Amino acid sequence: ENYWRAVIITLAEVNKLLEKMSEQQSKPKQKKAESNFLVDFAAGGVSGAIAKTCTAPIERVKLIIQTQDSNPLIRSGEVPRYTGIMNCFTRVASEQGIASFWRGNFTNVIRYFPTQAFNFAFKDTIKTLFPKYNSKTEFGMFFLTNMASGGLAGAGSLCIVYPLDYARTRLASDVGSGKRSFNGLSDCLIKTAKGPSGFFGLYNGFGVSVAGIIPYRGVYFGMYDSLSDLNPLKNDSTPLGIASKFCIAQLTAITAGYASYPFDTVRRRLQMQSEKPKSEWMYKGTADCFAKVMKDEGVAAMFKGAGANALRTVGSALVLVLYGEIKNVLGFK
């Protein structure tokens, strides 16, 4: 099964990392080398894959709740609505089995590895193009530079991996115990590309995704880098030092998640109709989706699944901390 393959690969990567950390601790401290694009790419990808596999059940529940109002099976009454996070957890487990919480996770790891790899690599590369500011005397410009580099990195990486993000949404939003809409990653991509919208159906919701990713990645990277620089334990890899970094990362991830969540809701809704003829679409586009959701369901509908999303940010926080620790273990700044 794809999800078990992803779990095994992730556990192997964790084991390699622990072995490397053990070796590093036994060696005398050496001056750290300057990082580069490939190091940032690899560290970002591995940290993202580990974090996504660990938080896959929360991610799936969040997606189901977020997209249920545009899911044909739920709208038709064939599958009853999910009334909350715990109801969704228990029903998915009983109807589809525990392993189904990792449905779409292999796709998610394939998507998230390059996403995070490009995010971190682009972010650190783009940051070198800006003037350097002192975090203590020029904190405002320091923070804005971090936000700008993070936002641009997010937009750039999204252009490359968006079809995989679309496939992840569709695979994870399959509900009930009946026949699934798609049989896997390739089936999802092929069916959508052969549908009425053609290849560009894979990019349905892309515009709002870019609009949402800029504030999300801007806050995600900008806030974390800025607060981390003020952390007195930023170079400490002891449990206390890692805990302090995780607290900063968790605060950052929750803030970034809520700042961009309405954009994410609209993006998921648009993705749910990609393979259908335009005559059957619920929403004509981004603006129409925003307007209809606000009118028919209220402002609160923009934040459906935000509770599960807040739990899911544990994975986002874990990525930030793991990225720094992996580079530290490898001997890079």
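Reader: Which residues line the second largest cavity?

Author: This is a predicted model, where local features need pLDDT of at least 70, side-chain atom pairs count only at pLDDT 80 or more, and totals for chains, interfaces and linings use all residues. Residues are numbered from 1 along each chain as its sequence is written, and side-chain values use heavy atoms, with hydrogens and water left out. A cavity is a set of points on a 1 Å grid over the protein atoms alone where a 1.4 Å probe fits but cannot get out, and lining residues have an atom within 4 Å of a point. The second largest cavity is lined by Ser-70, Arg-269, Met-272, Gln-273, Lys-276, Glu-280, Met-282 and Tyr-283.

Reader: How much space lies in the largest cavity?

Author: The structure holds two cavities of 30 Å³ or more. A volume is the space filled by probe spheres set on the grid points, which are joined across faces, edges and corners. For the second largest cavity this is about 50 Å³, and for the largest cavity about 480 Å³.

Reader: Which element gives the most to the lining of the largest cavity?

Author: Helices are DSSP runs (H or I, at least four residues), numbered from the N terminus. Elements that give two or more residues to this lining include α9 (206-230) and α12 (306-330). The most, eight residues, comes from α10.

Reader: Is Ile-254 buried, partly exposed or exposed?

Author: Ile-254 lies in helix α10, residues 239-271. Buried means under 20% relative accessible area and exposed over 50%, with partly exposed in between (1.4 Å probe, protein chains only). Because its relative accessible area is 31%, Ile-254 is partly exposed.

Definitions and conventions:
1 Å grid on protein atoms, 1.4 Å probe; cavity = no way out; pocket = protein on both sides within 12 Å on 5 of 7 lines; lining within 4 Å.
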